[in-house]
Amino acid sequence: MNEHLSILVTGASGNTGSALVTSLLAQGAKVRAASRSGQPDTQDNLLATSVRFDWFDPATYHQTLQGIERMYLVPPPGVLDPLPVMMPFLTGARQAGVRRVVLLSATVIQRGDTGLGQVHDALPDLFPEWAVLRPSWFMQNFVGQHPHAYSIREQGILRSATGNGRVGFINAEDIARTAAHILLSETPPNRDLLLTGPEAISYDEVAQIMSSVRTNSVRHQHVSVDELQQLHIDSGLPPEFAEMLAQADHLIAGGMEDRVTNEVEAVTGTPPTSFKDFVTQYCS
Ligand SMILES: NC(=O)c1ccc[n+]([C@@H]2O[C@H](COP(=O)([O-])OP(=O)(O)OC[C@H]3O[C@@H](n4cnc5c(N)ncnc54)[C@H](OP(=O)(O)O)[C@@H]3O)[C@@H](O)[C@H]2O)c1
């Protein structure tokens, strides 16, 4: 069954997309991996067909979509109002015969909210089969290309305005496993899914766990929302994004991310990774 399905993965070089390509290939699907370079990003993913795709270059849409039945969408990064950018691609996808769409969103974004919430809202009218994944914050933020990861690597400091607020951090690979199941299953969810890891932990606990696993210790430095916003601006982020990220910490401090769900295990049959196991695996 799976080898007959043609599945498009956008953001195929990113945290969730690259793991999704690997997972879909392992399950026998025919995968088209889309990125701006149009080149495979890992040895594992050489079996996928690569295609050049740029949200801001509609000339890349036709080749990206031809023959595709199901697709995974990572929204254009850094765009506060993505609907006008994404809509031409979505309508092109419908015309090309795409039936199922899995959109990567976030816990903080509800259907209809300004920004990506409007894309969420548009999906059910465009496609008969859909899902919106709303993951909590990624564990990869502490080890990858995120500002947290840089300050941890370079200074051993994790700066946040999250106070004692807790977050159900999730491994991007668990998001990818969930997306793979949804893309390959007989029945589409046609709903949004709040995805978290197995436990909600504070940034103090993040620092403690990282310190217990790594050779170098990590300290959580509590800063105010305004200080954090300025730090993001100083690191080169556009002011509106710096504000959005700082406000996200404020929401965490207020308890908004202090929750866990069982969606990953319910969909995939396997529990999500704990933060300790994630860091141990990453550091080994
Ligand atoms: N980090 C978190 O804690 C968190 C939490 C919840 C939700 N999210 C959401 O997760 C999404 C990011 O997903 P991710 O971490 O899997 O991706 P990622 O690692 O941030 O990578 C971004 C991907 O987008 C692609 N890309 C960049 N510009 C593009 C363009 N103009 N056209 C087409 N593709 C483009 C990149 O590919 P190329 O550069 O190769 O083209 C890359 O594969 C964001 O929407 C974010 O809001 C993140």
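Leu83, Met86, Met87, Leu90, Thr91 and Arg94 in helix α3 meet Leu116, Gln118, Val119, Ala122, Leu123, Asp125 and Leu126 in helix α4, where contact means heavy atoms within 4.5 Å. By class, this contact of α3 with α4 has nine nonpolar, two polar and two charged residues (Ala, Val, Leu, Ile, Met, Phe, Trp, Tyr, Cys and Pro count as nonpolar, Asp, Glu, Lys and Arg as charged, and the others, Gly among them, as polar). The model is a predicted one, in which local features need pLDDT of at least 70 and side-chain atom pairs count only at pLDDT 80 or more, while totals for chains, interfaces and linings use all residues. Residues are numbered from 1 along each chain as its sequence is written, and side-chain values use heavy atoms, with hydrogens and water left out.

Two packed helices are described by the angle between their axes and the distance between the axes. The axes of α3 (residues 83-96) and α4 (residues 116-126) come within 10 Å and cross at roughly 15°, which makes α3 roughly parallel to α4 (angles under 35 degrees count as roughly parallel, over 145 as roughly antiparallel, 65 to 115 as roughly perpendicular and the rest as oblique). Axes here are lines fitted to C-alpha atoms, for helices over the stretch in contact, and angles run from 0 to 180 degrees between N-to-C directions; helices are DSSP runs of H or I with at least four residues, numbered from the N terminus.

Helix α1 (residues 15-26) packs against helix α6 (residues 172-184) at an angle of about 50°, with the axes 8 Å apart, and α1 and α6 are therefore oblique to each other. On the α1 side the contact is made by Asn15, Thr16, Ala19, Leu20, Ser23 and Leu24, and on the α6 side by Ala172, Glu173, Ile175, Ala176, Ala179, Ala180, Leu183 and Leu184. These residues of α1 and α6 comprise 10 nonpolar, three polar and one charged.

Asn15 has a polar backbone atom 2.8 Å from an oxygen atom of the ligand, and a backbone N or O atom of Gly11 lies 3.2 Å from a ligand oxygen atom. A backbone N or O atom of Trp55, in turn, lies 3.0 Å from a nitrogen atom of the ligand.

Definitions and conventions: Helices (H or I, at least four residues) and strands (E, at least two) are DSSP runs, numbered from the N terminus. A polar contact is a pair of N or O atoms within 3.5 Å; within protein, one must be able to donate a hydrogen and the other to accept it, and residues adjacent in sequence count only if both atoms are side-chain atoms.
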